[in-house]
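Thanks for making time this morning. I will walk through a few local features of one model, strand by strand and then contact by contact. Please have the sequence and the structure open.

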Amino acid sequence: MLGQGGHVALARLSLLLLLWREATLIEVPQDPKIQQDMKQPPTIIKQSGKDYIVDPRDNIIIECEAKGNPVPTFSWRRNGKFFNIGKDPRVTMRKRSGTLEIGFRSGGRPVDYEGEYQCFAANDFGMAMTNKILLRVSKAPLWPKEVLEPVVVTEGSPLVLPCNPPPGLPPPFTFWMNSAMIPIPQDKRVSMGLNGDLYFSNVIGQDAHTDYSCNARFPFTHTIQQKNPFTLKVQNKEPYNDTSYNATDPYGGRKVVETTPTFLTPSGTESSKMVLRDEQLLLECIAAGLPTPTIKWFKKGGDLPGHKVKFDKFNKTLKIVSVSEEDAGAYVCMANNRLGSIRHTIYVEVKAAPYWLDKPTDLVLSPDENGRLVCRANGNPKPTIQWLINGQPIETSPPNPSTQVLGDTIIFRSVQMGSSAVYQCNASNQHGYLLANAFVSVLDMRPRMLGPKNQLIKVVENNRTFLDCPFFGSPLPELRWFKNGQGSGLDGGQYRVYINGTLEIKKARAEDEGTYTCVASSILGKAENQVRLQVKEPTRIVRAPEHESVTRGSTVSFSCKVKSDPSLPVTVTWTKDDKFLYFGWRLKKDDDSLTINNVNEGDEGTYTCTVKSEIDQDSASARLTVLDRSDPPTDLELSDPAARSIRLTWIPGNEHRSPITEFLVQFEENRWEPGRWQNLSTYPGDLNSVILQLAPFVNYQFRVIAINSVGQSKPSNPSLRYKTSGAAPDAIPRGLRGWGSKNDNMEITWEPLLDLERNGPNLHYNVWWRQKDTGEEWSNVTTEGTKHVVQNTETYVPYEIKIQARNDFGPGPESNVVNGYSGEDKPTDAPKDLRVSKVNSTEVNVHWKSVDPSSVLGEFKEYRLYYWRESSLVPGLSVRMENKTKGFYSTMPEPSATLTDLVPYSKYKMVMVAANNRFEGPPSNLVEFTTKEGVPDAPRFFRINRRSFDTLYLEWDKPLEPNGNLIGYQLKYQTVNGSKVVQSHLQAFLPNATHFTLRMPDRSVHYKFFLSALTQVGTGEVYAEESPHFANEAYIDQVDIATQGWFIGLMCAIALIILILLIVCFIKRSRGGKYPVRDKKDLPLDPVDHKDQDGSFDYHSDEDNKPLQGSQTSLDGNVKESDDSLVDYGEGGDGQFNEDGSFIGQYTVKKDKDETEGNESSEATSPVNAIYSLA
């Protein structure tokens, strides 16, 4: 019950907390300069534990470390009294620390220093203190000497062997062993209790030993103390037989009285146990009885906390780690065997030493600010709270009007300089205590900037941006931002200022670039800093890699095209499955892509392209899937055999990421073509068991090939062989025909059956024939071959033919009847009245009268026309006769046809015969006709040379086929600017003209030329050329230079000088003299050998108009002149015919120029080049 004063205090506390408006607490930054300048009361940073046990063999070290400004000084209390360290030579304190070191090199006992220690750290602003440290020295006492009498027990009775280890500090760990240092086996029947005793639920004869020894291990000294061993004797009513022991009957078949369960520990039906919060709860139930009882655990009023409960020692021990209040309650252990069961209830009570709910923390305040310290703790029972100031109870300290204590809270109002102190909160109950130090520091400090000066910040456009301006001061300064030193403070709209000084720009744009100034001000002064902002374009991948599926061994590329701010350098890295790639001959990287050559399965994975700049990055990934041929199928198995079928089953191989689309089944037989695998059938890829259709009389074995998008797998291993039985042939021989090889026979031929169509041994063919429509009987023959000749037939008589295959199993089906004919003879009649009409330049209509069909003496094939070009009507142009044929099929009495592709202005002859499949008849009458004049072919060649800077020299030759009388040439030329025609000109020439010089008003003008020959009929085929492009104005026409007399004389003089130099060098060399070696560029040039492909020299005449080497020449320049060439018609032109009269000359190429012509302008005009030109 609270008294009246307690009610009043609670009411006042509630009102104060309701009206309290706490100022923003100062967070002191960890800036080294601020920490150095800021005065601070002491803070304990390290101390020894409350219960401190030390090893007696070592020096004693009691830790006490603290920080503060000024550096604190340290003092100690021992057992509540001041501990004068200076009077004890064994005790020293570390420099700038309160840690004590107690040494025993000069004597002394550690036990003399046992006691309760407490450290105090003080400076000008307060005093902090540690917990009370209870120092104790570890002890490992010896086991008391005792004489143990042998323990005698009746078989089947329970037994407890006591351990009673000596009390140590800390308590020892106990275990049982025999004299051989082997642990005593523990099981459901025998186990060690929590107190160290060894419990037997029932004793058997095998338990009789003389060396049951309890051992205690002390952790600090790492020593093991051993108790004198127990001797256990087991009394048996019947002799014990070792051979009769087994695990299910430990008493060897002897009758032992069974007993109901009883508890060896704990005793009675109820007990209680107290455990502290967060400690470990151990509950134990060990029962006696025969048979050995089993132990089960329950909790009254609820379930056991399964996530926390563990069972040990064969369910005899229940363990709960880190106990909490909800673990309190009644726990029931039940022991039962087949004779009955018993229960024991353990009432668990959970108490708690004090633990923190709200631990007080250091408080830094500015002058005139408010604050509070809170110290809240809980426990069972409820702890009491005591406040101290600088180590003294707050009740005994001088009164302070700005401080008010309200239970677990201290209120500070309008604190002033000099009010700094260290407050201690002690929360305690009967199970322990908590002690916390928290200082209150009253601080005044001018505003100061903590960040780097004039910082340059680069940000990405359209991103949220933060400009930091860390600052500090006490009282807390007010911060404002300005841009470019103008305007009012930035806050609102696009900008937001946080309490820590950071300026947020919600979406950075180009216009946001500039210099930003942050100003922190308070009553003590102000400080400012500047941040320069640059807004950059984002770095991004504009063409990302795409997922790829490729076959092994191929090449794959991943794109990664990047766009970034020009002022920011970027780096592009590639990773595979988040691991960096190493580039070499297979993996190559360029600016925009990654290429992998000879892809293998190890290359499969996820490839990521990452592009980084100093302020941002972008990445994109793509998956590479490597496809490969499937592995071959395995485990081929044959089943369900039948006469002409069998089932084949297999297991598909690894698909290698490309699904199998179909399976190809192949077979091999060892009768007709052993060793040759043939395709049998294909099946869908989702099947692995099929019925194969087979042929008779074949000894098969099979294999399977898997096919996917990459290709075929390797063949599987062959199956076992399967032989089908024989049968009569099913197939009919194909290709049956009858024809005459002579005029009095008929050959009957057919294609043999395939090997798999034989169906049995001893294959023969039955062949029948008879003359058609005569009613005569069939003639027949049986043969093994594929041909039969019928002799003494009439000429070209129709026959009916049929065939049948047979073997030892019987005959096959007969074929359909096929018509055949006996042999043909020469036709006897010739076509009559052969004539022509409607003759033009290239075509003529042909007319004739047909022959009597009976005179053909065979199958009529065609009327065959023979025609040839007798001569040309162009004066002086000779031609080689070429015999040509053309066939016409017609059954009309007076047929007509059109003959095309004739040469204009020529004289032709023709004759016609009738033809069957083998022979031609007698010729018709001979007909002569002439074709009309036509348009000429293109000129034989057309060349353009530049003789000076402002003239073009054009030359050409007459057409190979003028197709009439030439009346002249027409030259059309156009000035061209790019692809646009600027101006056109037309020039006409007489038929004997072969060159033309064009004056150019502008040397840079480019021309297109179109040259054609003319006859009375019209303009012939056009030869098109363009004026050459020249690289510089120093070009001089090589043809003209080479034909100049002065140039020839100069070349001869140079050649003579070179010859003299060679002679002199040769004479000196033959005499052993020394002469200077000249550079290759000064050596005389060797003559250029012009050889044909067969190795012979090609000698050219020195004609004046002969083109230089490297310029274009006409294709007829290397054609040898035939005996009947028309020198009078063409200047040097010639034609040539094959032996059959076909024309083999080639027309001049009109638009394609030799590659050498394009290089004319690049040749220098030096004498050296001239030598090459003349060679």
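First, the ground rules. This is a predicted model, in which local features need pLDDT of at least 70, side-chain atom pairs count only at pLDDT 80 or more, and totals for chains, interfaces and linings use all residues. Residues are numbered from 1 along each chain as its sequence is written, and side-chain values use heavy atoms, with hydrogens and water left out.

When I say strand, I mean a DSSP run of E with at least two residues, numbered from the N terminus. Two strands pair if DSSP finds at least two bridges between them. As a reminder, strands of a sheet pair through backbone hydrogen bonds, either parallel or antiparallel.

Start with strand β45, residues 514-522. Is it enclosed or open to the outside? Seven of its nine residues are buried, so β45 is largely enclosed by the rest of the structure. Buried here means under 20% relative accessible area, exposed means over 50%, and partly exposed is in between, with a 1.4 Å probe and protein chains only.

β45 has antiparallel partners. Strand β42, residues 478-483, is joined to β45 by six bridges, and L479 has A520 in β45 as its bridge partner. Strand β46, residues 525-536, is joined to β45 by nine bridges, again antiparallel. There T517 stands opposite Q530 in β46, and a hairpin of two residues connects β45 to β46.

Next, an open sheet of five strands, in the order β29-β37-β36-β32-β33, with mixed pairing. Its edge strands, each pairing on one side only, are β29 (363-365) and β33. Inside the sheet, β32 and β36 (residues 421-429) are antiparallel over six bridges, with I385 partnered by A427 in β36.

Towards the other end of my list is an open sheet of three strands, β72-β73-β76, paired antiparallel. β72 (832-837) and β76 (896-899) are the edges, each pairing on one side only. On average, neighbouring strands here are turned by 25° against each other, direction ignored; the axes are lines fitted to C-alpha atoms, and angles run from 0 to 180 degrees between N-to-C directions. Four bridges join β72 to β73, residues 844-849.

N845 is the bridge partner of S837. The side chain of N845 also makes a polar contact of 3.2 Å with the side chain of T898. A polar contact is a pair of N or O atoms within 3.5 Å; within protein, one must be able to donate a hydrogen and the other to accept it, and residues adjacent in sequence count only if both atoms are side-chain atoms.

Now the backbone. Most residues other than glycine have a negative phi, and most peptide bonds are trans. Which peptide bond ending at P475 is cis? The bond from S474 to P475 is, with omega near 0°, and P475 lies in the loop between β41 (471-474) and β42. The bond from L290 to P291 is also cis, with omega near 0°; P291 sits in the loop between β23 (286-290) and β24 (294-299).

For positive phi, look at N390, near 55°, in the loop between β32 (384-389) and β33 (392-393). N390 is partly exposed, at 24% relative accessible area. N315 has phi near 70° and is partly exposed at 31%.

Last, salt bridges, meaning a side-chain nitrogen of Lys or Arg within 4 Å of a carboxyl oxygen of Asp or Glu. How many are there by this rule? The count comes to 43.

D51 and R136 form one, at 2.9 Å from N to O. D51 is in strand β2 and R136 in strand β11, so the pair ties together parts that are 85 residues apart in sequence. D51 is partly exposed at 46%, and R136 is partly exposed at 27%.

R864 and E920 form another, with the closest N and O atoms 2.3 Å apart. R864 lies in strand β74 and E920 in the loop between β77 and β78, 56 residues apart. R864 is buried at 16%, whereas E920 is partly exposed at 31%.
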